[in-house]
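Here is a short note for a colleague who is meeting this structure for the first time. Please keep the sequence and the model open while reading, and check each point against them.

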Amino acid sequence: MAMKRVVLEIGMGTDIRGLDSTKAAVRALRDALWHNSLTITHALGVDVDSMKVVVTIGVPKPETVDKAQVLAVLPHGTGEVKCVEGGLMIPNEAGDGGTLVAHAAAEVFLDLPRDLDGGGR
């Protein structure tokens with residue numbers, strides 16, 4: 001068996017007025033996931049909860065993201081959250097707030113039998 005990435009989903013989320021990295025990150029992951037129905041597990045005869053999901057969040061201040069809240073968005077499988085510098089912060093005219101944009105990448109991995117993993121390539 002070999003863990004292979006079978007899905008990559010990308011999303012974007014915002015906090016329009018609050019500059020809340022976690023709120024924007026949660027919305028970005030929801031954007032990545034909520035437009036899809038992953039039928040690959042059923043096609044392969046694999047339990048949907050056997051998925052491992054690696055979530056990468058890009059925000060201007062990665063240390064401000066509550067990873068547990070982001071992880072709670074995942075409907076199936078187990079996951080981990082990595083936060084990196086990225087996204088976008090747009091200050092408001094008064095300079096006392098603004099809009100925060102987060103980006104999310106959700107990589108779904110499955111433990112595939114050798115005959116389904118491309119021959120070990």
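This is a predicted model: local features need pLDDT of at least 70, side-chain atom pairs count only at pLDDT 80 or more; totals for chains, interfaces and linings use all residues.

1. Overall layout. The C-alpha atoms occupy a box of roughly 60 × 25 × 20 Å when taken along the principal axes. Of the 121 residues in the protein chain, 38% are buried. When contacts between residues at least 6 apart in sequence are considered, 77% of them join residues at least 24 apart.

2. Strand β5 and its partners. Which strands pair with β5, and in what sense do they run? Strand β1 (residues 2-15) runs antiparallel to β5 and is joined to it by 13 bridges, with Asp15 standing opposite Leu100. Strand β2 (residues 52-59) is also antiparallel to β5, through 7 bridges, and here Val55 has Ala106 as its bridge partner. Strand β4 (residues 88-91) pairs with β5 in the antiparallel sense over 4 bridges, and in this pairing Pro91 stands opposite Gly98.

3. The hairpin and the burial of β5. Between β4 and β5 lie 6 residues, and the two strands form a hairpin in whose turn Gly95 has a positive phi of about 80°. Because 13 of the 15 residues of strand β5 (residues 98-112) are buried, this strand is largely enclosed by the rest of the structure.

4. In soluble globular proteins, nonpolar side chains tend to be buried together. The largest nonpolar core here has 26 residues, and those touching the most other members are Leu29, Val55, Ile57 and Val70. Two or more residues of this core come from each of α1 (21-33), β2, β3 (78-85) and β5, and β5 gives the most, with 7 residues.

5. The largest pocket. Rolling a probe the size of a water molecule over the atoms shows where empty space is left. The largest pocket holds about 240 Å³ of space. Its lining consists of 15 residues, and those lying nearest the centre of the pocket are Asn36, Leu38, Met51, Pro75 and His76. Sorted by class, this lining has 9 nonpolar, 5 polar and 1 charged residues.

6. Val53. Is Val53 buried or exposed? This residue of strand β2 has a relative accessible area of 4%, and since that is under the 20% limit, Val53 is buried. The C-alpha atoms of Val53 and Gly79 are 4.5 Å apart in space, although the two residues are 26 apart in sequence. Apart from neighbours within four places in sequence, Val53 is in contact with Leu74, His76, Thr78, Gly79, Glu80, Ala106, Glu107 and Val108.

7. Asp49. In the loop between α2 (40-44) and β2, Asp49 has a relative accessible area of 42% and is therefore partly exposed. With neighbours within four places in sequence set aside, the contacts of Asp49 are with His76, Gly77 and Thr78. From Asp49 to Leu8, which is 41 residues away along the chain, the separation of the C-alpha atoms is 17 Å.

8. Glu63. The loop between β2 and α3 (67-71) contains Glu63, which counts as exposed because its relative accessibility is 63%. Glu63 and Arg5 are 58 residues apart in sequence, and their C-alpha atoms are 26 Å apart in space.

9. Leu19, a backbone angle to check. Most residues other than glycine have a negative phi, and most peptide bonds are trans. Leu19, by contrast, has a phi near 55°, which is a positive value in a residue other than glycine. Leu19 is found in the loop between β1 and α1, and a relative accessibility of 30% makes this residue partly exposed.

Note on methods: Residues are numbered from 1 along each chain as its sequence is written. Side-chain values use heavy atoms; hydrogens and water are left out. On a 1 Å grid over the protein atoms alone, a cavity is a set of points where a 1.4 Å probe fits but cannot get out, and a pocket is an open set with protein on both sides within 12 Å along at least five of seven lines; lining residues have an atom within 4 Å of a point. Grid points are joined across faces, edges and corners, and a volume is the space filled by probe spheres set on the points. Ala, Val, Leu, Ile, Met, Phe, Trp, Tyr, Cys and Pro count as nonpolar, Asp, Glu, Lys and Arg as charged, and the others, Gly among them, as polar. Buried means under 20% relative accessible area, exposed over 50%, partly exposed in between (1.4 Å probe, protein chains only). Two strands pair if DSSP finds at least two bridges between them. A nonpolar core is a set of buried Ala, Val, Leu, Ile, Met, Phe, Trp, Tyr and Cys residues joined through side-chain atoms within 4.5 Å. Contact means heavy atoms within 4.5 Å.
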